[in-house]
Amino acid sequence: MGTMHRSGAPRRTSDNAKVIITTILGIVFGTLIGITLPSLSFKINLPSRLISSLDGKLLSNDKSPEDFGSRNFPEIYVPTNPRGAELLPPGIVVAKTDFYLRRLWGEPNEDLKKKPKYLVTFTVGLDQRNHINSVVKKFSADFQILLFHYDGRTTEWDQFEWSKNAIHISTRKQTKWWYAKRFLHPDVVSAYEYIFIWDEDLGVEHFNADKYIELVKKHGLEISQPGLEPNNGLTWEMTKRRGDREVHKDTKEKAGWCKDPHLPPCAAFVEIMAPVFSREAWRCVWHMIQNDLVHGWGLDFALRRCVEPAHEKIGVVDSQWIIHKVIPSLGSQGKSENGKAPWQGVRDRCKMEWTMFQNRLADADKEYLARMVKG
């Protein structure tokens, strides 16, 4: 028993020493880690989508007023901003828009594989869908197609693949100039170099839109139209196609019609059935369209006010020409009154509007000149 007691004492002393040494080493190691850790940085590369998802969740759970609109904004007043936006910093102001179709997902800057350069609009009814289908094929992917539907029928057009990428705007029994005034504001269509505002009854067998644009640019035309086949629906000599040239800018009319060869209808003139405007010219023309005069009659004689010199910048493209099929489709949208056919009431309104527009323009000129004299 004594032997066992003597041999156990040194063993316990050795164990205690090991515990003390281990504890001291742990303290030293912990101290070193504590001193070193703040100076270390760890970088973990996570997928951007995961980071975006995490950020979204963090923001959605963050109740800080700073992130919910309580932040104090600087006092701002910028008189050169668009009207109504003077209180905003210029860097956030977006004064213009477009008809580009965008996705509901992904990065916004990856939405568009190609941006259309030009805008072509047709005011249509479903009865002309097959004809419009053939017309649209004359326009390349550089053209954004916009259909104004005067009969309220839009979904039926999805039988055509191109229609699924077109813009559709529908209001019953309205004209293309009613639509243009309300949906083609210059700041809406400023993304497009040229704007086509066409009727639905135009034959395009001899027309190529890309070649047309080339000629318009070549000859410096700000307002133009394709030449018209001489034997179909021709009203004015100026718009008659000439087979011996690319473009013409003047003509000869009936005796006494043109006191000045540089003025309509002998020059500086295109019709309203198939006009094409540069975005700069359209900005002026849009402001001249009257809200209540929906047929646009008389507008063609006033287009020259929007470009200078008009007899050089308004013209007819002869080598890309169209045929006016004279389909009175919109006329059938009228109403029979006092024993008159629907189309007759529409025609009477057109003539009345022409007179009203002429009078308004003359009165506006007189008012301006009178103000200048007083000033």
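Colleague: Is C266 buried or exposed?

Modeller: C266 is buried, with a relative accessible area of 4%. Buried means under 20% relative accessible area, exposed means over 50%, and partly exposed is in between, using a 1.4 Å probe and protein chains only. Before we go on, this is a predicted model, where local features need pLDDT of at least 70, side-chain atom pairs count only at pLDDT 80 or more, and totals for chains, interfaces and linings use all residues. Residues are numbered from 1 along each chain as its sequence is written, and side-chain values use heavy atoms, with hydrogens and water left out.

Colleague: Which cysteine does a disulfide join to C266?

Modeller: C258, with an S to S distance of 1.8 Å. A disulfide here is a pair of cysteine sulfur atoms within 2.5 Å. The torsion about the S-S bond of C258 and C266 is about 90 degrees, so this disulfide is right-handed. C258 counts as partly exposed, at 22% relative accessibility.

Colleague: How many disulfides are there by that rule?

Modeller: The count comes to two. The other joins C284 to C306, S to S 2.1 Å. Its torsion is about -70 degrees, so the disulfide between C284 and C306 is left-handed. C284 lies in helix 6 (residues 279-288) and C306 in the loop between helix 7 (299-302) and helix 8 (310-313), so the pair ties together parts that are 22 residues apart in sequence. Helices (H or I, at least four residues) and strands (E, at least two) are DSSP runs, numbered from the N terminus.

Colleague: And C284, what's its relative accessibility?

Modeller: It is 30%, so C284 counts as partly exposed. C306 counts as buried at 13%. With the bonded cysteines numbered in sequence order, the pairing is 1-2, 3-4.

Colleague: New topic, aromatics. How many aromatic pairs does a search of the whole structure find?

Modeller: The search finds 29. Rings of Phe, Tyr and Trp (its six-membered ring) pair if their centres lie within 6.5 Å; planes under 30 degrees apart count as stacked, over 60 as edge-to-face and the rest as tilted. F139 and F207 form a tilted pair, 5.9 Å centre to centre with 45 degrees between the planes.

Colleague: Where do F139 and F207 lie?

Modeller: F139 is in the loop between helix 3 (129-136) and strand 2 (143-149), and F207 is in the loop between strand 5 (202-203) and helix 5 (209-218), so the pair ties together parts 68 residues apart in sequence. F139 counts as buried at 8% relative accessibility, and F207 is buried with a relative accessible area of 2%. F196 and Y212 make another pair: their ring centres are 5.9 Å apart and their planes at 55 degrees, so that pair is tilted. F196 sits in strand 4 (residues 194-198) and Y212 in helix 5, 16 residues apart.

Colleague: Which residues form one aromatic cluster?

Modeller: Y118, F122, F139, F143, Y194, F196, W198, F207 and Y212.

Colleague: Let's move to helix 9. Which of its residues are buried?

Modeller: V346, C350, E353 and F357 are the buried residues of helix 9, and they pack against helix 6 and helix 7. C350 has 6% relative accessibility, so it counts as buried.

Colleague: And H295, where is its place?

Modeller: H295 is in the loop between helix 6 and helix 7, and it is buried, with a relative accessible area of 16%. Leaving aside neighbours within four places in sequence, H295 is in contact (heavy atoms within 4.5 Å) with T175, W177, I272, V346, R349, C350 and E353.

Colleague: Last one: which residues touch the most other members in the largest nonpolar core?

Modeller: W177, L184, I223 and W282, out of 42 residues in that core. The largest share of this core, five residues, comes from helix 6. A nonpolar core is a set of buried Ala, Val, Leu, Ile, Met, Phe, Trp, Tyr and Cys residues joined through side-chain atoms within 4.5 Å. Not counting residues up to four places away in sequence, W177 touches residues including I197, W282, H295 and L299.
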